Amino acid sequence: MADGSWSPTPWTAAARSSARAASASPFDRARQVGGEQLDLAVDTPDVDVERLRDQVRSSARNEPGVYLMRGARGDVLYVGKSTQVRTRLLSYFRLPWPEHRHARLLRETVRIEWEPHPSEFAALLREVRLIRAHLPRYNVRSARPLDKWWVITIAKGITPRLRVQRASAAARSRDVAQIIGPFASRRPLVDALRVLNDALGLRDCSDRIRMHVRDVAELFDEHHPAMQRTPACHRYETRRCLGPCIGATSEYEYRAQLTRAKAVLEGRDDSPQQHLVREMAAASAALSYERAGWLRDRLTALQDLESQLGRVREALSRPSCVYAVPGRLGDDRLYLIRHGRVVAEARCADPDSVNDLQAMESRATQAPSGAMVNQLDELLLVESWLRGRQGERALVADSVVGALQELARSYSSAGSSTINGMSSTSA
């Protein structure tokens, strides 16, 4: 998007139109229907807010859409969506200042941009993608779905560790190589990863501790400061960690165990669980019931983790489907959903885009083994939408042709006016 640079005096309508045509942002170019873009001259906060309110009143319409609020440097401060954009934007001006954060947001806003969409689902999808792209600071937990979920991440580097993080933190990090999730609760994940780390010898220490694997240690003599460390970690002393911090393992050995951990998390290896079962049986046979109970708790932690991972894998491996959504003024859309995400869309009224969607539908794809950062938010959106809207508005089929047939049947049974009014029956 353009970084934005605005005149300190109010723009005329002609000047704004000319400037927009000369320098359109990607947000402008991505609009499906012509949107509006408002510039707010810098004077005093109250004068600016009043001028902005007048412009919203005169230009915005009550229809589904998304909107952005930009700061003085063109940075995106907030992304929102509404089924009635005009009403939603005007509601910001009734909030008490400075008590309400959105009232404070208005005093920082220099420009508002919005774009209409044919349905609430289209607006939600666009909102999720814009939040992912910009991570605006005013989109806090209530409006950023990733903040509600936890994930397991594997970082880059020689000896990465398994971490439990907020999904939003994982999305912002540039150090994440793989993400697995989402999960609703943190505590079960921490317990399960502790068991998995102990079983495979993976480190769980802070990233501030420098690693000295054997490959590097061989470059130094025994008097080098890196080799003078005394093992202080109880996990290494009790043989539950390979000790990459003191050169006790090589990069290859550590990577091999990390690969095993990934296989466990992807459902391809259950050897840690089987090992705990054997140890628990041996402890029970030896009448060591306290140890058997301790082992049972560790086994339960891994089994609970596997149960949660199974649900994630099911969502990612779900067969492709085509989702037909009736839109305003007959602007019906088809969405191709694969592995829990929208990968393409088409306008029903545009034969070329429908043909392109059919061509994409025929291409085979391999199901991912875990959710990536750029998939997670859409996975959550699509899952919650389909689960909460069964029998409403949208039609699901296993192909483009099937979705079009169901949409035509819906028009035939409910009538064109009902469909355009966003009240269709589901297949």
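Which strands does helix 8 lie across?

1. Helix 8 lies across strand 5, strand 6 and strand 7, and runs at about 170° to strand 6; here axes are lines fitted to C-alpha atoms, for helices over the stretch in contact (heavy atoms within 4.5 Å), and angles run from 0 to 180 degrees between N-to-C directions. Helices (H or I, at least four residues) and strands (E, at least two) are DSSP runs, numbered from the N terminus.

2. This is a predicted model, in which local features need pLDDT of at least 70 and side-chain atom pairs count only at pLDDT 80 or more, while totals for chains, interfaces and linings use all residues. Residues are numbered from 1 along each chain as its sequence is written, and side-chain values use heavy atoms, with hydrogens and water left out.

3. The three strands form an open, antiparallel sheet in the order 6-5-7, where pairing requires at least two DSSP bridges between two strands. Strand 6 and strand 7 are the edge strands, each pairing on one side only, and the twist averages 30° from one strand to the next. Five bridges join strand 5 to strand 7, and Ala155 stands opposite Val176 in strand 7.

4. Leaving aside neighbours within four places in sequence, Leu196 is in contact with residues including Leu162, Leu265 and Leu302.
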